[in-house]
Amino acid sequence: MVMSLDFDSEIFAKDIINVADGKESVIKGGRDLFPLVHKVFADVSQIGVIGWGSQGPAQAQNLRDTLKGSSTRVKIGLRAGSGSADEARAAGFTEENGTLGDMMDVVAESEIVLLLISDAAQTQLYPQMFEAMAPGATLGLSHGFLLGHLTSVNETFPDHINVIAVCPKGMGPSVRRLYVQGEEVNGAGINSSFAVHQDVNGKATDYALAWAIALGSPYTFQTTLESEYRSDIFGERGILLGAVHGIVEALYIRFKAEGMSDDEAFNQTAESITGPISRIISHEGILAVYEAFGGDDKARFEAAYVASYSPAKDVLHEIYDDVRCGNEIRSVVNASNRFDRFPMGEIDRTEMWVVGEGVRARRNEADIPTNPVTAGVYCATMMAQIDVLLEAGHPYSEIVNESVIECVDSLNPYMHFKGVSYMIDNCSTTARLGARKWAPRFDYILRQQAFTALDGNAPMNWELMESFRDHPIHNVLKVVGEMRPSVDISLS
């Protein structure tokens with residue numbers, strides 16, 4: 001059963017959208033709402049942004065720009081000797097103007113503390129953070145990982161602070177890039193979810209909504225902190241990062257074995273997904289990819305979809321179970337503790353990605369093919385992820401953002417621009433680790449099960465196509481798509 005949530009705000013007018021068999025309350029953003037953001041934060045003298053990783057630079061700059069002319073200061077908090085200090089200074093946050101300081105000092109003096117350091121660092125530093133925060137202050141998270149960790153060690157947040165989350169459905173660079181592009185387009189940005197985990201002063205909901213709007217979110221939907229970290233950690237190991245990496249690696253090898261040249265195999269896999277397939281899904285939905293094919297190509301899509309759906313769903317269920325029971329969170333902490341001996345290695349030096357450098361240099365967007373087999377495998381994996389989240393009861397907006405919108409509007413454009421590492425390694429440490437861990441599993445299961453079925457060596461469940469055509473997610477994407485700004489991310 002899909003989660004049912006609702007919220008009230010005295011400042012922001014909410015919209016009710018019809019999604020599949022239910023309704024959701026959302027906030028539609030836009031620069032016309034920035035004066036209301038100023039109003040919400042009128043009693044906040046300082047918002048402390050702790051960390052300068054994937055999300056920190058984008059959120060700090062977007063908040064600063066949105067709050068320009070108000071009495072609220074945005075200040076960066078970093079550890080002494082942090083290598084990120086010069087980057088923060090280059091962005092205009094300096095000790096001289098009072099917008100850059102020691103991490104714990106900024107935590108202690110800020111009414112709102114946005115904790116944007118890495119997940120592993122949060123698990124190490126949270127006791128000091130909690131001790132430093134003033135009673136009645138607000139802790140803001142952009143990921144529920146810390147809740148998952150606290151649950152695993154039988155601890156909780158202090159009961160004298162608000163705990164809220166605003167979670168942009170895209171990597172930090174996308175959050176900043178679309179905000180800047182949106183200067184000419186009201187509401188351009190990355191969608192966000194929000195959650196209120198603790199509200200000690202009655203202001204937590206409005207603080208969260210104002211934060212999301214200040215980041216440029218076109219629409220903001222409600223979730224819980226637990227639901228967010230489950231869907232987020234799961235999603236980035238799935239179709240957002242790990243699965244798409246495994247899919248293109250497996251298909252590249254298959255297409256070469258069928259006689260394609262190196263360049264053509266790259267065109268028919270990675271280029272096809274990050275180019276026309278992503279554009280169609282972004283603007284018209286998943287079903288539109290299927291409906292664009294005819295004749296033999298439609299039959300090839302159907303066969304690839306049916307062959308791939310169940311193997312992909314098998315791995316996706318395993319990922320979700322590992323996230324839910326805490327195994328994946330412990331895996332991230334353990335891997336982070338090994339970085340001094342085993343740092344993350346490069347993931348774009350295999351033949352495929354070396355070939356891709358040349359293909360991108362000669363690219364003509366109009367010539368990129370929409371390969372029906374690639375499309376079938378990709379859409380099957382995306383739909384399998386959607387179904388795992390539906391079965392687990394996640395709200396529809398969370399499902400489509402974590403399984404579709406973040407893929408095609410935020411992440412895939414980065415792979416299209418400079419390759420798989422440029423996409424994955426612009427994300428959080430948690431996401432980077434998860435993609436590296438699970439991509440090989442998708443590669444393996446597609447070769448061992450999906451492709452053998454596609455070659456006629458295993459039975460096919462053709463009823464999956466009817467389920468795909470009639471799936472309620474297509475209606476949800478249509479409704480959500482109506483709130484999409486008219487601007488696409490530009491990286492060139």
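Okay, let's start in the strands: E3 is mostly covered, with five of its five residues buried. Buried here means under 20% relative accessible area, exposed means over 50%, and partly exposed is in between, using a 1.4 Å probe and protein chains only. Helices (H or I, at least four residues) and strands (E, at least two) are DSSP runs, numbered from the N terminus.

Before I go on, this is a predicted model, where local features need pLDDT of at least 70, side-chain atom pairs count only at pLDDT 80 or more, and totals for chains, interfaces and linings use all residues. Residues are numbered from 1 along each chain as its sequence is written, and side-chain values use heavy atoms, with hydrogens and water left out.

Back to E3. Gln46, Gly48 and Ile50 point one way, Ile47 and Val49 point the other way, and all are buried.

Gly48 has Lys75 as its bridge partner in E4. To get from E3 to E4, the chain goes through helix H2 (residues 56–66), and that β-α-β crossover is right-handed. Right-handed means that, with the strands pointing away from the viewer, the path from the first strand over the helix to the second runs clockwise.

E3 (residues 46–50) also pairs with E6, again in the parallel sense, over four bridges. Val49 stands opposite Leu114 in E6, and Ile50 stands opposite Leu115. E6 itself (residues 112–115) is covered on both faces: Ile112 and Leu114 are buried on one side, Val113 and Leu115 on the other.

Then E6 hands us on to E7 (residues 138–141), parallel to E6 and joined to it by four bridges. Ile112 stands opposite Thr138 there. The chain takes helix H5 (residues 119–132) on the way from E6 to E7, and this crossover is right-handed too.

Now, salt bridges. I'm calling it a salt bridge when a side-chain nitrogen of Lys or Arg is within 4 Å of a carboxyl oxygen of Asp or Glu. How many salt bridges do we get by this rule? The count comes to 35.

Lys75 is in strand E4 (residues 73–78) and Glu109 is in helix H4 (residues 103–109), so the pair ties together parts that are 34 residues apart in sequence. Lys75 is buried, at 12% relative accessible area, while Glu109 is partly exposed, at 37%.

Next pair: Arg237 and Glu328, with closest N and O atoms 2.8 Å apart. This one links distant parts of the chain, from Arg237 in helix H9 (residues 225–237) to Glu328 in helix H14 (residues 327–337), 91 residues apart. Arg237 is buried, and so is Glu328. They're also part of a salt-bridge network with Glu236 and Lys437.

One more: Glu302 and Arg469 meet in a salt bridge at 3.7 Å, N to O. Glu302 is in helix H13 (residues 295–324) and Arg469 is in helix H20 (residues 463–469), so this pair ties together parts 167 residues apart in sequence.

On to helix H16 (residues 372–391). Its 20 residues reach 28 Å from first C-alpha to last, close to the 28 Å expected at 1.5 Å a residue; the expected span is 1.5 Å times one less than the number of residues. Of its 20 residues, 19 are buried. After H16 comes Gly393, whose phi is positive, near 90°.

Helix H17 (residues 396–418) is where you'll find Ser397. Is Ser397 buried or exposed? Buried, with a relative accessible area of 0%. Not counting residues up to four places away in sequence, Ser397 touches Ile17, Glu24, Tyr219 and Phe221, where contact means heavy atoms within 4.5 Å.

Last stop, Asn154, in the loop between helix H6 (145–152) and strand E8 (162–168). Its phi is near 60°, a positive value in a residue other than glycine. Asn154 is exposed, with a relative accessible area of 73%.

Methods: Pairing = 2+ DSSP bridges.
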